[in-house]
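This report is meant for a reader meeting the structure for the first time. Please look through the sequence and the model before reading on.

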Amino acid sequence: MRRPSAAIVLSLFALAATASTPYVRSFDALPGFNTAETRAIAQDARGFMWFAGDSGLVRFDGQHAQRFAPSDRPCRALSVSVDEIGIYAHDECGQLFSVDANGRSTLLLAGSGHHVRAAASSGSHRYAVIDHQLVTVHGDTARALGVTVVPEPFGFPRLLPVPCGVVLSTSRNSWLVRNDSPERAPMALHHGNGAEIGDVVAAAGCDHRPLALLSRFPGVLYRASAGDATRMSALHVERNRGIGLAYRDERLWVSYDIKLLAFDGDIMTRRFAQSRDLPSGGPLLVDAEQSLWIGSISRILQLPEPDAQRYDASAGLVSSHAYGIVAEPWRGAGSVLLISWQGAHRLQDGSVENTSPLDVFGTACTTLQHTWYASKAAWQLDSASGSILFPRAPGDDSSITQCIQVNGVDLAASGLGLIRRREGQAQPDVLRPALHAGGPAGISALAMHDERLWMAEGDEVCDVNPWAPDQAADCRRCDGARSVNSLLEAGGNLYASAAPLGLVRIDRSGCYPQRLDDDALGATPHGLSSAHDGGFWAYGNQAVLRLLPDGRDRLRVVERIGRSRGLSSTAAVAVLDIGQAVWVANIEGFTQINRSRPGLVEPPLHLAPLRASADGLAIHDAQILPASTGVVDLNFAGLSFREPDQLRYRHRINAGPWSLPSASSRLTLTRIQPGSYNIEVAFQQAAGSRWSAQERLRFVVRGPWHSTWWGITLIAMAATAAVLAVYGIRRQRQALLSRQRNEIAADLHDELGSELASVRVLSSLLERADLSEGDRQSLAAELRESSEAASSNLRRLVAHMKSGATIGQLLAQVQRLAERLCGASLRLHFALSEADNARPLPALTYRQLYLMLSEALSNASRHAQATSVALRATVQSGMLIVECTDDGIGFDPARIEGNGLGHLRERAHKLGAKLHIQSAVTAGASVRIEVPL
């Protein structure tokens, strides 16, 4: 009953090898890249993924895709490889080009009648097939290696990088070119007629692992030892097209058109047939985090945990509803008992066998040499000597949860109480310790801690003497808990999962809730189990977490297992940490996850180009931005592809406090003020894990022009010029006022002085007593005329200095003057409207124009001997035009230049007026003045 026939074992193993498709992350579309035709995949030293295909060469950081090409020609990229210097690609246009760390693409080889047919790089060596010669490439020069490639009837030759060099494959021959001596003649791997080795499309190995090559069609997998690459043998044959090879640890992955295979040595251990998640095979790559990448016919796929093995009904289990996982070290390191809802199965040395004919329920457990589990009819105790059945009454709750061994005595917690079996005892005892006053009860959890046996029942946790577990117990209640379902000692403390409190730490004084730096576990874990590093696993409906104590009442998450690790569901009911693997049981079966991931590197952080949203400007480190920059967007990505949804980011600006961790990979700065900015960004792969090294980006936002040194200089110069201008204007005004005062004084002196002097003289003459009455009356008349003349001159001077005097007032005063000087010979013609008459004149204009007309009228009345004088005034095109014309004896303006004409021209210059003087001998004279208003 315990060991089925060999045929059944082999059939079950075959079913295990064709387990359901693992968790696959699909990239159906990347910006600017057609993922349906991926020809090659590579990862550079910084962690970027590179894809070659129909859209050219594309770099991917997990969130953003960027396309690179040496020109605008639409050339399909056929290969991509990396070395310590940069990225190299070869396309169907016969070009070999490189991309450096800054994203600049350089065309290395093309043109001049030559054609690049294949290219690859390995380490720091670069190779190419140019025309029909195998060459090494240094910079943009090539040197022949002495291998002539026979022209291919179909397609191109292929250069395939391997750890020790490259493999050159044609339809007729293949060669191995080693990095240690690229100058020497290459070593031939195989000489055949094409049908035997076919068209090699991928190679792996060539270091401490065997060299593997895969032919195109049929898909023959060849392998040779690392020591003798020339002797190859066929390991596997598929009547499908071979596409890609990749080593992950010691396991070789092989992709074909419609399937994906895995080999451990000479044995095929995994086989994934074509499905919705895995539409086809394609070029393979194992990245730095040991994820397997596949370029399928419709999209790019990623298997974050390709070595996870699932066991469910398709693998031969009676039921996919997993319930418990038990290690049996006394049967061998690889022996594991899988407990499902309707049976138990033992996995040993890669074989699955049915061990129990009973319907099983309840979680099984093991001590040092025994396995306990319960069925619907009995308890069963597996031992080296056989099976012992322990009958129970129908309807009893006899589920077994946890068990331990104390001094050779097996103790198990069950629904009926504590089960004890001593060595040599035929049947186990059911103990009913007095946990509380209510009497015996079922025990849900059991553990040893601080040399005491601890048991949980309901919301109480009790400890007793382990050598007398049936004695009275010392109990304490976990306030707020409905039940305690698991107990475990880790790190010197006793932990429990209590509903609905979550995780609690228990000591003799009580229960203390534990704080987690990740809330993904949920309020009620299903259970706890020991971990390999001294911590423990906690699992429930939402997550499977490995925890380590971090302070007295705080737990740190150091590992998370989810769908990216191969689980079909995160609702786990049991976890077993054993050897190099972690087993997880859930409602969909059992998953074995290989812990060995050699060569893992800490993923770096990538800062995508900063962008100023206002004008779409790409911002680089140490760049100076204009003052108009209003919004700046920073995109970043941690180059971790295993669980990108678990990445957390934080940032700080100018060495300020760090922001709270967030899943957002974008930082937007608004209302940017002038100044220097130093932005630091870091990420962690999951909450509680170590933060990565910071990436920094510095930029400067210029202030407005008036805050720069040159702006301040211009403002200072302008202010100085303004001060000087104001000072100059003030001095000019003071000079003008001084000149006006002098002119007024001169006018008072010239025009009033003589009149006032004559008034004074006449007044003194009138005081004489010897005057006759006739003389006295004559002197009085002269005195009256002098006083009136002085008064008239004073009014005129006041009117000249008055601001706001109008054109009408000026003409009225000029008319009075003309009537006094010219008398009956005067003719007036003033063609002005009421608005023009009311238009004000500046005081200077009023005075100078009056004096100019006074001079013209005086000349006409005193010197011209005129019988007729005409005075006309009008306003035309913004000009006041006044003209004085007489019919006198005239003069020659070219020969006569007296003080009067000179004064007229000087006063016209002061006003900015136009002066026209026309005269001739015996032809009269005309003075025309045009003053701008």
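## Basis of the report

A disulfide is here a pair of cysteine sulfur atoms within 2.5 Å, and by that rule the structure holds three disulfides. The model is a predicted one, in which local features need a pLDDT of at least 70 and side-chain atom pairs count only at pLDDT 80 or more, while totals for chains, interfaces and linings use all residues. Residues are numbered from 1 along each chain as its sequence is written, and side-chain values use heavy atoms, with hydrogens and water left out.

## Confidence along the chain

The predictor's confidence in each residue, called pLDDT, runs from 0 to 100. Its mean over the chain is 78, and 82% of the residues reach 70 or more. Over residues 1-19 the pLDDT stays under 50, and for this stretch the model has 31 contacts (heavy atoms within 4.5 Å) beyond four places in sequence. The pLDDT is also below 50 over residues 192-196, a stretch that has eight contacts in the model beyond near neighbours in sequence.

## The disulfide of Cys75 and Cys93

Strands (E, at least two residues) and helices (H or I, at least four) are DSSP runs, numbered from the N terminus. Cys75 is joined to Cys93 by a disulfide with an S to S distance of 1.9 Å, and with -95° about the S-S bond this link is left-handed. The pair connects distant parts of the chain, 18 residues apart, since Cys75 sits in the loop between strand E5 (65-68) and strand E6 (77-82), and Cys93 in the loop between strand E7 (87-91) and strand E8 (96-99).

For accessibility, buried means under 20% relative accessible area, exposed means over 50%, and partly exposed lies in between, with a 1.4 Å probe and protein chains only. Cys75 counts as buried because its relative accessibility is 6%, whereas Cys93, with a relative accessible area of 24%, is partly exposed.

Cys462 is buried at a relative accessible area of 1%, and Cys475 is partly exposed at 25%.

Cys478 and Cys511 form a disulfide with their sulfur atoms 1.9 Å apart, and the value of -50° about the S-S bond makes the link left-handed. Cys478 is found in the loop between E45 and strand E46 (483-490), and Cys511 in strand E49 (residues 510-513), 33 residues away. Cys478 is buried, with a relative accessible area of 0%, and Cys511 counts as buried at 18%.

## The second largest pocket

On a 1 Å grid over the protein atoms alone, a pocket is an open set of points with protein on both sides within 12 Å along at least five of seven lines, and its lining residues have an atom within 4 Å of a point. The second largest pocket holds about 1,300 Å³ of space, a volume being the space filled by probe spheres set on the points. Its lining consists of 46 residues, of which Cys365, Thr401, Gln402, Leu528 and Tyr539 lie nearest the centre.

Several strands each supply at least two residues of this lining, among them strand E30 (322-327), strand E42 (445-449) and strand E55 (572-578). The largest share, six residues, comes from E38, which is strand 400-406.

How values were computed
1 Å grid on protein atoms, 1.4 Å probe; cavity = no way out; pocket = protein on both sides within 12 Å on 5 of 7 lines; lining within 4 Å.
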